Amino acid sequence: MKRLLVVTLLLVAQAIPATAQSREKGLDQWLDRSLIPYVQQQLTTHPRFRDETVMFVVLRDNAPTPSSNALALTLRDRILEAAVDTNGVSIGWQQGRSGNVVEPGTKDCVNDDVHYYVGVELTQELDGSYAVNVRALDLEDRTWVTGFGKRWQGRLNTSQRQALRLQRIDETFLGARDVPFTVAQTDLLASQLAHQLACTLQQQLEEDYIVSADGASGTTELAGTLELISNNLASRQALKLASEPGDANAVLSGKAHRIDGNLHQYWLTVTPQPGTEHLASLSASAYIVLPDSAPSIAVTKSPAREPAPTVETANYRPPASVSVPNAGGDGLIGSLRITSPASVGECEWPCSMLRTNANTDAIVFILEHQANHGLVRLSGGECRQRTVARIVRNGESLNFPISKTTTDSRNWTAIHDWQLNPPVDTYYAVAVTDADVARSMANLIDALPLRCTNSLRPGKRGDELRDWLAEFATFAAQSATHLDWRAIQVRDVT
């Protein structure tokens, strides 16, 4: 009888349709066991991908997007990592550069010629389930590659739904108009511009360029950037640096042009010296956020040589967040976490404690973006008109009372941007090490509504919030050496 029962169960299992089995397969299992092997196999055997360079992107409405969510970007990154480890697959330089040291003489420009995007699109279905579609886009004729594609549909688990709610910027597109660099990323800016210019130089058939750097070009905020670029170019053996200005046959210069508000386009130019007209003028550019008060910025309504829109920038939607410099850039304070109060007397109402550690003497301001209710400044129960700050000494912990919420670390996540409409409650700690900067910071924060009780308070939202964040981003860029910030999103606030 037992043997008959086992045989019956085996027959029933074999009768289950394959489509039903795949529908029940979890997203992670499908990704590891089905999608990644499929993509690896297709990229190495499909005739359309032979000897071609690909990039991996997140899609929205059938177009690459620089602003997505943590879940979609994680899926993309896991496929990308598998492709990088697959022999015979060529990955675009923009995605292959992170963590890679470019050795002198390295020729990586061939990876700039991307012919295909492998795109991941995550959508919600009418029945509440989610679907993941993976397709390949031919950039030359703007068509989808026939015979290539995978689809999953099912339910997300708790951690995946949490990741879905977290908006993220795709740093693949750093330097594009919608994902500009900040003054805290001048090393990345220098690397990208040096790469662009080095690849342009490789196409020149004339004699070698021997350049001297124009020390007068650039801005205070970008001081040293031109030197970083020069060193990058020299290490690539793309050009030679003149030991004396008189030995140079060209001048390397950089200048930022204002495009809109604090958004600028930084142009790197190689200009031949008089008498060397056989050499061509060369240039490269990238977008960057700079303070409005930078004195030496050339202000124009549009740059003299604005490049034509490309696939990377033509179909983008503006990201629903603002990039503010120095999220942990100088490490003035540690990461944020949430704990329970040590005693009942620590709070004037039922509360939890927002906690961080100071790596130097600092003045700390605490803000909260209440989900669907806007950005406010917190006072910890002190309902004073002026902004409240906490002084914390090097090595000490700062404990700040917040509304009672979860202390389970699985329910909160560190973030690195300031979202305009976050899906969950978000806390920010801004640390300042200079008294004058702290006073200016307090004046800026005074414009935010005050929350000093356990009750929600309407905060700054919409266009007013966008304007405030733009002003704060500029202030943070100007004060980068004295300012640092951390942020944490909390999934379940009670």
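Let's start with helix α6, residues 158-165, whose buried residues are Gln 160, Gln 162 and Ala 163. Buried here means under 20% relative accessible area, with exposed over 50% and partly exposed in between, using a 1.4 Å probe and protein chains only. Looking down the axis of α6, you find these buried residues within an arc of 160 degrees, so they line one face of the helix. That arc is taken from the directions from the helix axis to the C-beta atoms. The buried residues of α6 pack against α3 (27-45), β3 (67-69), α4 (70-84) and β23 (412-414); contact means heavy atoms within 4.5 Å. Helices (H or I, at least four residues) and strands (E, at least two) are DSSP runs, numbered from the N terminus.

A word on what we are looking at. This is a predicted model, where local features need pLDDT of at least 70 and side-chain atom pairs count only at pLDDT 80 or more, while totals for chains, interfaces and linings use all residues. Residues are numbered from 1 along each chain as its sequence is written, and side-chain values use heavy atoms, with hydrogens and water left out.

So how confident is the predictor? pLDDT is its confidence in each residue, from 0 to 100. The protein averages 79, and 82% of the residues score at least 70. Over residues 1-24, though, the pLDDT is below 50, and this stretch has five contacts in the model beyond near neighbours in sequence. Residues 98-106 also stay under 50, with ten contacts beyond four places in sequence. Where pLDDT is low, the predicted coordinates should not be read in detail.

Now, on to the strands. Strand β13, residues 263-272, is mostly covered, with eight of its ten residues buried. Strand β12 (residues 250-260) runs antiparallel to β13, and ten bridges join them; two strands pair if DSSP finds at least two bridges between them. Asp 260 has Leu 263 in β13 as its bridge partner. The hairpin of β12 and β13 has two residues between the strands, and there Gly 261 takes a positive phi near 65 degrees. β13 also pairs with strand β14 (residues 282-289), antiparallel again, over eight bridges, and Thr 269 stands opposite Ser 283 in β14.

Further along, three strands form an open antiparallel sheet in the order β17-β18-β22. Its edge strands are β17 (337-339) and β22 (397-403), each pairing on one side only. Strand β18 (residues 351-357) pairs with β22 over seven bridges, and Ser 352 has Ile 402 in β22 as its bridge partner.

Finally, the aromatics. Rings of Phe, Tyr and Trp (its six-membered ring) pair if their centres lie within 6.5 Å; planes under 30 degrees apart are stacked, over 60 edge-to-face, and the rest tilted. By this rule there are eight aromatic pairs. Phe 49 and Phe 148 have ring centres 5.5 Å apart and planes at 75 degrees, so this pair is edge-to-face. The two are 99 residues apart in the chain. Phe 49 is buried at 3% relative accessibility, and Phe 148 is buried at 6%.

And what about Tyr 428 and Trp 485? Their ring centres are 6.2 Å apart with planes at 55 degrees, so that pair is tilted. Tyr 428 sits in strand β25 (residues 425-432) and Trp 485 in strand β27 (residues 483-490).

Key. pLDDT is the predictor's confidence in each residue, from 0 to 100.
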